[in-house]
Amino acid sequence: MRAALNYWKYELIRTMRDRRFFLLTLGMPVIFYFVFINQQGGALRIAGTFWSHYFMVSMASFGVVGSSINTLGVRLAAERQSGWVRYLRTTPLSSFGYALAKILTQLTLSLLIILCIFLVAHFSQNVSLSGGAWLAITLWLWIGSLPFAALGVFIGLTGNAAQPLGTLMYLVASMLGGLWTPIQALPSVMQTIAKWTPTYHYAHPAWRILAGQSIQASDILVLLGWTVLFLIGSVALQRRIDTKAQM
């Protein structure tokens with residue numbers, strides 16, 4: 001356990017020194033927030049709340065998804081290809097400890113992104129919520145990010161395809177899930193597609209909390225379904241890799 005915690009600290013320090021993390025994973029949501037808020041006006045009403053509040057959740061979700069896919073997935077692929085994972089097997093860090101450290105790192109980064117976007121929205125657009133609402137949205141976006149961590153693991157197992165595949169899935173899932181444009185403004189066909197994406201069901205409960213509504217069971221069930229699908233895909237891909245290594 002001590003080895004896992006030490007590796008977790010190492011992973012956090014390494015990520016904080018990574019300009020890519022700050023420019024893409026953290027910088028892009030902040031920039032998009034300012035751009036779209038200024039274009040639409042933060043006082044615009046949408047889905048029972050203000051646009052400044054609604055888009056705050058969208059960009060926090062966008063940042064968390066990007067971190068799970070790019071920071072976790074792409075880095076995992078790079079570590080496997082560089083031989084770093086094989087080297088770690090010679091250290092006291094177990095496979096379980098390695099996985100635990102990765103999960104803790106991703107959860108920590110997700111919380112950092114959520115809090116950063118919330119602070120930007122609060123101080124730049126005067127976004128104000130009750131303490132209970134802030135806590136509920138934060139906890140949901142934090143815990144609800146686990147399916148995307150599972151997606152990051154799957155992408156990390158794709159090897160050379162991790163970078164282009166991760167970027168493609170990140171952008172497409174964000175666009176189709178209504179993180180860039182509210183699904184209310186999309187064509188009916190796109191709205192139907194959006195309601196099957198994990199990104200929509202990740203942000204939707206937080207949007208409902210903003211409007212004073214409760215979380216729907218359907219959002220939780222869809223996210224659980226996607227989590228199982230990503231995990232099954234990861235197991236199948238790992239078995240394929242192991243089979244090739246034995247040949």
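This briefing walks through the pockets, cavities and annotated regions of the structure above. The model is predicted, so to speak of local features requires pLDDT of at least 70 and side-chain atom pairs count only at pLDDT 80 or more, while totals for chains, interfaces and linings use all residues. Residues are numbered from 1 along each chain as its sequence is written, and side-chain values use heavy atoms, with hydrogens and water left out.

**Pockets**

- The largest pocket has a volume of about 990 Å³; a pocket is an open set of points on a 1 Å grid over the protein atoms alone, with protein on both sides within 12 Å along at least five of seven lines.
- Volume here is the space filled by probe spheres set on the points, which are joined across faces, edges and corners.
- Its lining has 31 residues, with L76, R80, Y98, V153 and Q238 nearest the centre; a lining residue has an atom within 4 Å of a point.
- Two or more lining residues come from each of α3 (51-82), α4 (84-88), α5 (95-125), α7 (146-156) and α11 (217-246), and α11 gives the most, with eight.
- Helices are DSSP runs (H or I, at least four residues), as strands are (E, at least two), numbered from the N terminus.
- By class, this lining has 18 nonpolar, eight polar and five charged residues; Ala, Val, Leu, Ile, Met, Phe, Trp, Tyr, Cys and Pro count as nonpolar, Asp, Glu, Lys and Arg as charged, and the others, Gly among them, as polar.
- The second largest pocket holds about 150 Å³, and its lining includes W140, P147 and T227.

**Cavities**

- Two cavities of 30 Å³ or more turn up in the whole structure; in a cavity a 1.4 Å probe fits but cannot get out.
- The largest cavity, of about 50 Å³, is lined by E11, T71, L72, R75, K102, T105, Q106 and L109.
- Three of the residues lining the largest cavity are charged.

**Annotated regions**

- An unreviewed UniProt entry lists "domain: ABC-2 type transporter transmembrane" at residues 54-234; such annotations may be inferred rather than shown by experiment, and positions follow the numbering used here, with feature names shortened.
- Residues 54-234 are 78% helix and 0% strand.
- The unreviewed entry also places "transmembrane region" at stretches including 21-39 and 167-186; residues 21-39 are 100% helix, and residues 167-186 are 50% helix.
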